[in-house]
Amino acid sequence: MELINKTIELVKQKLEGTESGHDWFHIERVWKLSLKIQEKEGGDKLIIELSALLHDIADPKFHNGDETLASKIVNDFLTEQNVDSETIQKVIFIIENMSFKNRNDAPENLPLELKIVQDADRLDAIGAIGIARTFNFGGYKNNLMYHPDIEPKLNQTKEEYKKSNGTTINHFYEKLLLLKDLLNTKTAKEIAEHRHQFMLQFLDEFYKEWNVTF
């Protein structure tokens with residue numbers, strides 16, 4: 001527990017003042033979701049907890065696209081805490097391979113611990129919380145909320161996704177509505193069903209209000 005508590009302290013310090021969709025409360029939800037999934041699916045609890053807590057310690061989109069910074073911070077911190085090198089490498093592997101944008105580059109036969117943390121992170125991107133986070137981030141980037149003449153860009157490459165400044169509503173079709181079918185574990189898939197339906201209901205209501213057809 002001392003290691004987990006020190007990790008929490010580090011994360012809170014590093015993420016202080018960050019955009020609220022990727023702040024400590026996002027990390028806390030992913031951590032709790034990971035533990036809930038782990039209770040039913042198994043896996044190494046310590047690796048899951050550390051990976052969940054550290055997975056956004058230096059999100060590249062807030063660090064000029066640097067995809068190496070997080071691994072360096074994690075390696076330095078866990079080494080200072082006398083964590084064994086095998087555990088450190090497993091945590092770094094999870095952090096480097098769990099993101100949506102890297103899904104086509106990830107190796108095959110991913111470890112259960114990665115699947116669990118990835119599922120937890122994706123669950124926090126859908127449902128009511130996912131809707132709130134999406135509009136918050138769209139506002140942070142000053143993106144349009146919606147434009148009826150701008151179509152979603154499906155099947156984006158990693159570079160296209162990173163540079164995308166599309167509308168917030170389009171992001172539902174470009175990412176959020178895809179996540180349910182990208183989940184790994186039975187437990188996560190069960191949790192996702194209601195959250196996915198909630199997003200569909202939201203979109204239906206949004207279009208009715210936008211077009212004044214209610």
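Student: How many salt bridges are there between domain 1 and domain 2?

Tutor: Side chains of opposite charge can pair when their charged atoms come close. A salt bridge here is a side-chain nitrogen of Lys or Arg within 4 Å of a carboxyl oxygen of Asp or Glu. Between domain 1 and domain 2 the count is zero. This is a predicted model, where local features need pLDDT of at least 70, side-chain atom pairs count only at pLDDT 80 or more, and totals for chains, interfaces and linings use all residues. Residues are numbered from 1 along each chain as its sequence is written, and side-chain values use heavy atoms, with hydrogens and water left out.

Student: What area is buried between domain 1 and domain 2?

Tutor: The size of an interface is often given as the accessible area lost when the parts come together. The value for domain 1 and domain 2 is about 1,400 Å², as lost accessible area (1.4 Å probe) summed over both parts. Carbon and sulfur atoms give 63% of that area.

Student: Which residue forms a salt bridge with Asp 76?

Tutor: Lys 72 does, with the closest N and O atoms 3.0 Å apart. Asp 76 and Lys 72 are four residues apart in helix α4 (residues 69-80), about one helical turn; helices are DSSP runs (H or I, at least four residues), numbered from the N terminus.

Student: Are Arg 133 and Asp 124 buried or exposed?

Tutor: Both are buried, meaning under 20% relative accessible area (1.4 Å probe, protein chains only). Their side chains meet in a salt bridge at 3.5 Å, N to O, and Arg 29 is linked with them in a network of salt bridges.

How values were computed
Buried area = accessible area lost by both parts, 1.4 Å probe. Helix = DSSP H or I, 4+ residues; strand = E, 2+ residues; numbered from the N terminus. Buried < 20%, exposed > 50% of the residue type's maximum accessible area, 1.4 Å probe, protein only.
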